[in-house]
Amino acid sequence: MEVWQSLWEAQLGDAVVFGVRFGGHLIVEVVLAVVIVFLLFQKSYQPASRPLSEKEIDQLVEEWTPEPLHPPVTKEMTPPYPVLESAAGPTVQINGRKVINLSTANYLGFVGDERIKESCNATLLKYGVGACGPRGFYGTIDVHLDLETKIASFLGTSESILYSYGLATAASCIPAFCKRGDIIIADDGVSWGIQNGLHLSRSTIKYFRHNDMGSLEARLKEVRKEDERKKKPLNRRFIVVEAIYQNSGKLAPLGEIVRLKEKYLFRLLVDESNSIGVLGKSGRGISEHFNIPIEKIDIITAAMGTAFASAGGFCTGSAKVVDHQRLSGAGYCFSASLPPFLATASISAIELLEDDPSVLARLHNNIALFHKCLSDVSGIRIGSDTRSPVVLLHLRPSLGSFHADAAYLQTIADEMLEHSVLMSVQKRTALDNCALPAGIRVCISAGHTESDIISATAVLKKVMTSKKQ
Amino acid sequence: MSTASILTLYSTYISYGLLFVLGHLRDLCRSIHRAFFAIKDANPPGYAPLCRSYEDFYARRLYHRIQDCFNRPIASAPESWIDVIERESSDNNKTLHRPFKTRRCLNLGSYNYLGFAAADEYCTPRVIESLEKYGASTCASRVDGGTTSLHVELEELVARFVGKPDAMVYGMGFATNSTTLPGLIGKGGLIISDSLNHASIIFGARSSGSKVKVFQHNSPQHLEEVLRENIAEGQPRTHRPWKKIIVVVEGIYSMEGEICRLKEIVQVCKAYKAYVYLDEAHSIGAIGKTGRGVCEHLGVDPADIDVMMGTFTKSFGSSGGYIAGSKDLIAYLKSISPGHMYATAMSPPVAQQVISAMKVIIGEDGTDRGARKLAQVRENSNYFRQELRKMGFEVLGDRDSPVMPIMLYNPAKIPAFSRECLRRNVAVVTVAFPATPLLLARARICISASHTKEDLEQALEVISEVGDLVHIKYFKH
């Protein structure tokens with residue numbers, strides 16, 4: 001009791017502050033505590049920022065010198081390219097001469113086919129050329145719907161969706177399903193259209209070494225390890241490959257990829273631009289070739305400017321996959337639809353292939369013959385797969401860089417053209433991230449005769465020997 | 001800018017709110033239903049759903065209800081009268097079936113400004129000839145043996161038509177923007193784009209890797225402010241000066257019908273050393289005394305525009321796009337643009353259609369059909385717009401522009417207007433979110449030179465009747 005009494009009195013005792021006596025130092029202490037708390041909650045001092053004055057902005061504007069709109073044009077930016085004077089069939093007319101055409105992706109030889117031209121003719125007379133609107137606004141013509149049904153029934157999927165440009169197909173499809181936070185593991189040799197789609201999706205992209213399943217599995221394991229470490233909510237994961245790579249002609253080992261995708265719980269997107277109408281007993285693509293049910297591939301995209309001798313592209317898969325793109329596929333919603341006669345050309349091409357699958361045998365015979373004829377050429381090595389209609393001829397030994405190889409190969413291609421064989425060197429724009437070696441891309445067609453192949457390879461051998469000397 | 005009344009705005013807000021609430025309630029019921037009946041998820045275990053639920057909420061709960069108003073298939077050429085295929089649904093619009101019933105309707109939706117959509121007496125025989133000679137496609141890119149003499153002729157003609165030294169063509173209008181912008185500008189550059197620019201420009205800008213800023217729609221004053229601010233500040237964080245600045249505008253804005261204030265914008269850009277990129281998708285061939293686009297219409301010298309872009313889909317009845325500029329610019333773009341180097345070349349008959357249509361417009365076919373078409377579309381557009389305004393509709397767009405949006409606002413009026421017009425044999429296009437801002441839904445009319453006076457009268461009658469039914473005559477006195 002006394003302790004409490006004395007404590008109480010102590011509180012009310014006098015305080016001395018700077019020599020001045022105050023009654024009740026408890027009050028002073030409380031005031032001090034309040035001041036301390038107040039100061040703690042104050043923001044730290046920041047000198048006020050002075051906005052730039054109009055005069056200063058004017059000065060900065062005057063000082064600023066932008067770069068020119070484009071860099072100076074050099075001679076190597078403007079190589080002349082061949083101008084065709086007839087249809088781009090197995091032989092073509094350039095500068096009045098008949099030339100063997102090994103440069104266009106006319107794999108089944110349908111360019112210039114009379115039956116396709118007849119159906120296109122009828123469509124042109126009925127519908128005109130353009131569709132004059134996007135799919136959402138009266139640009140959906142019944143031939144588009146027919147083609148979508150035809151593709152789905154040909155491949156054995158539920159539905160398909162058409163795009164009016166081959167390059168825009170993958171670039172619209174990938175961002176529709178992958179957004180920020182999703183993971184995509186892609187081959188580092190994919191073509192520009194897919195690279196663009198990957199970039200626009202803003203997902204986390206991991207690349208694996210071109211067509212190397214060990215590297216793919218390593219990436220998948222990395223992702224799994226990160227999962228175990230971080231415990232984030234489940235996101236969408238895709239593996240993106242091409243069936244036959246545009247940049248190298250290699251075939252993707254689909255069986256192995258499907259096994260990996262099922263083991264690590266990823267979805268699969270395959271671009272079949274160069275394999276549709278080429279691989280498989282009836283040309284249904286890589287899944288038929290490897291005898292894998294097509295449902296195992298979640299999304300298939302393809303350009304129709306190859307075996308189908310048309311233009312545009314399509315994407316196919318389950319009904320959910322296709323339906324979602326009708327509102328989220330940028331190239332579908334915001335672009336005019338495919339000209340109707342090109343849709344009819346594709347329908348006719350598919351029908352011709354279904355009626356007469358022997359055209360596939362002719363194509364593969366030609367490819368085998370081409371490989372055989374070039375088996376003993378020095379200075380050139382074939383980098384592509386033996387079943388690929390896209391044959392890549394690389395320099396052996398390489399001159400060290402893409403540009404050096406490409407420049408040298410261009411001299412070979414120019415000489416070939418003088419001897420009436422049209423071949424093209426792979427071009428690569430500065431915007432392309434692919435690092436595969438340069439090569440001449442030869443496109444074999446079912447329309448080539450055996451003598452075309454034999455004489456073309458003979459000319460190549462002659463040019464290579466003369467160059468060595 | 002629209003001047004809707006407070007009542008309209010509030011009722012629109014409330015309508016959308018109701019739709020969202022109902023949509024979420026239905027989603028809730030669906031998940032309860034699934035949990036209760038232990039319905040297996042469509043996804044295999046261990047996989048995330050293919051579409052996140054909020055991504056396709058709009059598609060499932062709002063869009064599907066009025067799905068029959070969009071993607072209407074037609075069974076004829078997209079000219080002034082079309083056969084619209086009537087689809088039926090047995091499950092409340094979730095899926096639509098296609099029986100063989102068609103309905104002949106007046107087409108106010110297709111981009112057919114000069115009437116080249118169907119078979120044309122000058123163009124079609126030449127297109128068929130080119131099909132015979134070159135086939136339907138070249139199956140190769142322009143640099144790999146896909147260039148035919150038609151492509152060379154087309155590029156020369158386009159350059160001459162637009163008034164620039166050189167031009168290049170692409171097979172798709174969308175890809176023209178999305179593959180050219182990355183070639184022109186990259187990291188360290190700045191793109192200043194109009195707030196209502198098309199998705200292809202946004203795609204191209206994003207693909208390029210440069211920074212993108214937006215200025216208020218069609219406002220040269222705000223553009224100047226944005227330019228001053230950004231040049232003074234420099235790049236974000238480092239404050240280094242920008243490598244270059246490109247200002248992207250459109251000739252006619254397709255959702256507004258407005259013509260760009262190009263003269264003032266070009267003046268501002270010159271003062272601040274920015275480059276001008278003009279997208280004439282809707283204006284080339286449709287406005288201007290001889291159809292040369294917005295430069296001719298407003299009296300701007302094409303030499304002042306650094307990059308001119310346009311498409312062939314609208315006024316030429318074809319497909320594809322072009323870029324026109326100085327010889328060096330085109331040579332540079334040809335060496336770097338992925339659309340030129342990788343994509344399949346434009347189909348030869350498509351190129352021939354553009355060549356023939358352009359010749360008709362210039363008058364090189366030996367007749368004055370081109371000049372008559374141009375005068376007709378201008379007359380039709382001005383008459384139609386005037387009459388609609390007289391009736392009390394809120395119509396956007398400038399004089400001479402063939403694109404005229406009629407404001408609807410409320411989400412319920414979108415399907416009402418569309419279906420009632422279809423019932424009376426007029427096919428219209430209605431646009432809602434996300435192509436327009438949420439509250440500003442509209443019906444967009446595209447006038448064509450092939451619409452006759454009787455067609456326009458009939459359209460006006462029907463639109464007036466439906467307008468009364470649906471209460472969209474906001475400015476009626």
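## A strand pair and its sheet in chain A

A:R381 stands opposite A:H394 in β14(A), within a pairing in which three bridges join β13(A) to strand β14 (residues 390-395) of chain A, the two running antiparallel. Strands here are DSSP runs of E with at least two residues, helices are DSSP runs of H or I with at least four residues, and both are numbered from the N terminus; two strands pair if DSSP finds at least two bridges between them. This is a predicted model, in which local features need pLDDT of at least 70 and side-chain atom pairs count only at pLDDT 80 or more, while totals for chains, interfaces and linings use all residues. Residues are numbered from 1 along each chain as its sequence is written, chains are lettered from A and ligands numbered from 1 in the order in which they are written, and side-chain values use heavy atoms, with hydrogens and water left out.

The pairing belongs to an open sheet of four strands in chain A, with the order β13-β14-β17-β16 and antiparallel pairing. Because β13 (380-382) and β16 (424-425) of chain A stand at the edges with a single partner strand each, one side of each is left without a neighbour in the sheet.

## Backbone features

A cis peptide bond, with omega of about 0°, joins A:R396 and A:P397, and A:P397 is found in the loop between β14 and α15 (402-418) of chain A. In chain B, B:H239 is not a glycine and yet has a positive phi of about 60°; its place is in the loop between α7 (220-233) and β7 (245-250) of chain B. Most residues other than glycine have a negative phi, and most peptide bonds are trans.

## Where the two chains meet

In the model, 106 residues of chain A are in contact (heavy atoms within 4.5 Å) with 112 residues of chain B. The area buried between chain A and chain B is about 9300 Å², of which carbon and sulfur atoms give 64%; buried area is the accessible area (1.4 Å probe) that two parts lose on being put together, summed over both. A:W64, A:L69 and A:Y138 supply 11% of the area that chain A buries against chain B, more than any other three residues.

Between chain A and chain B the count is five salt bridges, each being a side-chain nitrogen of Lys or Arg within 4 Å of a carboxyl oxygen of Asp or Glu. A:E54 forms a salt bridge with B:R228, with the closest N and O atoms 2.7 Å apart. Helix α4 (residues 114-127) of chain A gives the most to the side of chain A that touches chain B, with eight residues. The chains are also joined through strands, as two bridges link strand β5 (residues 140-141) of chain A to strand β1 (residues 73-74) of chain B, which run parallel, and the bridge partner of A:I141 in β1(B) is B:I74.

## A salt bridge within chain A

Over all chains, a search of the whole structure finds 42 salt bridges. The side chains of A:K150 and A:E351 meet in a salt bridge (3.9 Å, N to O), a pair that links distant parts of the chain, with A:K150 in helix α5 (residues 142-155) and A:E351 in helix α13 (residues 340-355) of chain A, 201 residues apart.
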